[in-house]
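Thank you all for coming; I would like to walk you through one model this morning. Please have the sequence and the structure open as I speak.

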Amino acid sequence: MAETKVKAAPKASNSTKKSSAPKGKDATDTVKQPDPVLPPANSEAEQATGAPKATTPAQPEFPKETYLQWYEQMQLMRKFEEKAGQLYGQQKIKGFCHLYIGQEACVAGAVSALTKDDKWITAYRDHAHPLALGTSPNAIMAELYAKATGCSKGKGGSMHIFDKSVNFIGGHGIVGGQVPLGAGIAFAEKYNKTGNLCICYMGDGAVRQGALHEAFNMAMLWKLPVIFVVENNGYAMGTSVQRTSNVTELYTLGESYDMPSEPVNAMNVEDVHNAVARAAERARAGEGPTFLEFKTYRYKGHSMSDPAKYRTKEELEDYRSRDSIEAVRHTILTHNMATEEELTAIDENIKAQVQESVEFAENSPFPTADELYKDVYVQQDYPYIRD
Ligand SMILES: Cc1ncc(C[n+]2csc(CCOP(=O)(O)OP(=O)(O)O)c2C)c(N)n1
Ligand SMILES: [Mg+2]
């Protein structure tokens, strides 16, 4: 983690970039405009080769170790969640469960650009972030099963994964609730002069929350070392970004506070790494926050109970055709960084880890009843706790 240096000189901030979205557009207009950041899917080149040409660099931009780390981390996220989805179908996992499948590059590219001491916080779509930071798949699977061996002792479940040992400050269920918390974590880092920063993820639904705007204002005023990331996957539950507001280029919201802000093609892990590395450099230099709009897509519905009927099959296939894991795999093979056999060995190892996590969760006990009153308040003898 964090050892990779960005080879290319950091580009200047795009903070002055202005929205290309037509102004004064009817807010009820649901017709999607061509995206200026994401390359068009199903281009002629892609159709001819079947390969995700648009995301495969002519020369690899990063060392072999980085590509292999990305591949391994993203495959772990995906295979773990595919298994979680299956187990949910079998009612082994109950309650809420939001899968990250399709969005993996948003996390992998940031892990390689930050240090292990930086703090992470996100919303309820939260299995992938701690997995990539090094939380044991066993502890996450056990949490999904609501078992006592889970990373939140079985009391949090899918939406409240938490692991202080890897600086993952949680999974949060209130849309936008983690944004002021992320600013607060960054405040603590600045106050304690640690040199660390906080990366704070949110969904596109969160950018309409008042709490975000209050937090942006204070974070800029106090130049807090925070990277705000909106994972714009196009929908908040079933509501498309175009139906939410006339401002559909989400990164431009940061510009209201003079916050350096830029859109990022987050189906491309290299772009994610470079954008986060630029933002981190700024944060560590005392220049304050950055707002990154990661253009991404979730292949599954909002949660396990959503059949995703509000979008077309073609739209889903468009994004699948530039899958970030396939792109990294293609780069690795094209540039002889590993053989097919070596990648298969990685896949097999991941499959075994995921299987082990299921067995661990299955064989773990549920929390005992007395756990109900523990971990509620920091102060053990808090006066309002009664028998
Ligand atoms: C304050 C608040 N309002 C409403 C909800 C119900 N809710 C849960 S998820 C969600 C959609 C959020 O979508 P987005 O922020 O785009 O994240 P994504 O699920 O796409 O990752 C809503 C409205 C909530 N959890 N919190
Ligand atoms: Mg969304």
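This is a predicted model: local features need pLDDT of at least 70, side-chain atom pairs count only at pLDDT 80 or more; totals for chains, interfaces and linings use all residues.

The shell around ligand 1 consists, by class, of six nonpolar, five polar and three charged residues, where Ala, Val, Leu, Ile, Met, Phe, Trp, Tyr, Cys and Pro count as nonpolar, Asp, Glu, Lys and Arg as charged, and the others, Gly among them, as polar. In total 14 residues surround the ligand, and the closest are Val175, Gly203, Asp204, Gly205 and Ala236; a residue is taken as near a molecule or strand if its C-beta atom, placed from the backbone, lies within 6 Å of it.

Residues are numbered from 1 along each chain as its sequence is written, while chains are lettered from A and ligands numbered from 1 in the order in which they are written.

Now to the chain as a whole. Its secondary structure comes to twelve helices and seven strands, which are DSSP runs numbered from the N terminus, helices being H or I with at least four residues and strands E with at least two. Of the 387 residues of the protein chain, 46% count as buried, and by that I mean that 20 or more other C-beta atoms, placed from the backbone, lie within 10 Å of a residue's own, with exposed standing for 12 or fewer and partly exposed for anything in between. If we take contacts between residues at least 6 apart in sequence, 78% of them join residues at least 24 apart, a contact being two residues whose C-beta atoms, placed from the backbone, lie within 7 Å.

Helix α2, residues 64–89, packs with helix α12, residues 340–362, at an angle of about 40°, and their axes are 9 Å apart; the axes are lines fitted to C-alpha atoms, for helices over the stretch in contact, and the angles run from 0 to 180 degrees between N-to-C directions. The two helices are therefore oblique to each other, given that angles under 35 degrees count as roughly parallel, over 145 as roughly antiparallel, 65 to 115 as roughly perpendicular and the rest as oblique. The crossing of α2 and α12 is right-handed, a term for the near helix being turned clockwise from the far one by less than a right angle, with anticlockwise giving left-handed. On the α2 side the contact includes Tyr71, Leu76 and Phe80, and on the α12 side it includes Leu343, Ile346 and Val354. The residues of this contact divide into nine nonpolar, two polar and five charged.

Helix α5, residues 137–144, also packs with α12, at an angle of about 45° and with the axes 8 Å apart, and that makes α5 oblique to α12. This crossing is right-handed. Here Pro137, Asn138, Met141 and Ala142 of α5 meet a set of α12 residues, among them Gln353, Val354 and Phe360, and the contact divides into seven nonpolar, three polar and one charged.

What does α11 pack against? Its buried residues pack against α2, α3, α9 and α12, and those residues, within the helix that spans 324–334, are Ser324, Ile325, Ala327, Val328, Arg329, Thr331 and Ile332.

Asn336, in the loop between α11 and α12, has a positive phi of about 50° although it is not a glycine, and it counts as exposed because it has 8 C-beta neighbours inside 10 Å. Gln91, in the loop between α2 and α3, has a positive phi of about 60°, again without being a glycine, and is exposed, with 7 other C-beta atoms within 10 Å.

Finally, buried or exposed: which is Ala266? Ala266, in the loop between β6 and α9, counts as buried because it has 30 C-beta neighbours inside 10 Å. Leaving aside neighbours within four places in sequence, its contacts include Ala105, Cys106 and Phe294. His302, in the loop between β7 and α10, is buried too, with 21 C-beta neighbours inside 10 Å, and its C-alpha lies 8.2 Å from that of Tyr235, 67 residues apart in sequence.
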